[in-house]
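Dear colleague,

Please find below the structure that I am handing over to you, together with its sequence. My notes on it follow directly after.

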Amino acid sequence: QVQLVESGGGLVQAGGSLILSCAASGRGLSFNRMAWYRQAPGKQRELVADISSSGTRDYADSVKGRFTIARDNAKNTVSLQMNSLKPEDTAVYYCYARALLLSRQYPYWGQGTQVTVSS
């Protein structure tokens, strides 16, 4: 059973910073892709940033230059450093991890953590 446990959300003023963390359980599993998504009220869930097991990163245009994704393959953790936060970054942020097992891929989601940016 794989579980993703997120932490680090909260309330911050515009211009501030937050760090989100996610730990993926699952003994013996490797996650070839880990990512952060977000969903604002009334909007679809969108990709914020993702990172491959080799460290290749990709970001949504709206967060480039402000957010940084990082991972620790040995610990199966992924983090999202969020700087210069804006009110439009307010959303529930979800951790995502894709496991590779016997040549098949299995997606997993965290429960979500609220990030609120006040103006």
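Which residue in β8 is the bridge partner of Ser-21? In this predicted model, that partner is Ser-79. The two strands concerned, β3 and β8, pair in the antiparallel sense over 6 bridges.

Both strands belong to an open sheet of 4 strands, ordered β1-β3-β8-β7 with antiparallel pairing. Its edge strands, β1 (4-7) and β7, each pair on one side only. On average, neighbouring strands of the sheet are turned by 15 degrees against each other, direction ignored.

The largest nonpolar core comprises 31 residues, and Trp-36, Leu-80, Met-82 and Tyr-93 have the most contacts inside it. Among the elements that give two or more residues to this core are β3 (18-24), β7 (67-72) and β8 (77-82). The largest share, 5 residues, comes from β9. Beyond its neighbours within four places in sequence, Met-82 is in contact with several residues, including Leu-18, Leu-20, Phe-67, Tyr-93 and Val-115.

Ser-17 is also in contact with Met-82. Ser-17 lies in the loop between β2 (10-13) and β3, and is partly exposed, with a relative accessible area of 41%. Not counting residues up to four places away in sequence, Ser-17 touches Val-12, Gln-81, Met-82, Asn-83, Ser-84 and Leu-85. Of these, Asn-83 is 66 residues away from Ser-17 in sequence, yet the C-alpha atoms of the two are 4.4 Å apart. The side chains of Ser-17 and Asn-83 are joined by a polar contact of 2.9 Å.

With kind regards

Definitions and conventions
Residues numbered from 1 in each chain as written. Predicted model: local features only at pLDDT ≥ 70, side-chain atom pairs only at ≥ 80, totals over all residues. Heavy atoms only, no water. Core = buried A, V, L, I, M, F, W, Y, C linked by side-chain atoms within 4.5 Å. Buried < 20%, exposed > 50% of the residue type's maximum accessible area, 1.4 Å probe, protein only. Contact = heavy atoms within 4.5 Å. Polar contact = N/O pair within 3.5 Å; in protein donor to acceptor, adjacent residues only side chain to side chain. Pairing = 2+ DSSP bridges. Axes fitted to C-alpha atoms, helices over the stretch in contact; angles between N-to-C directions.
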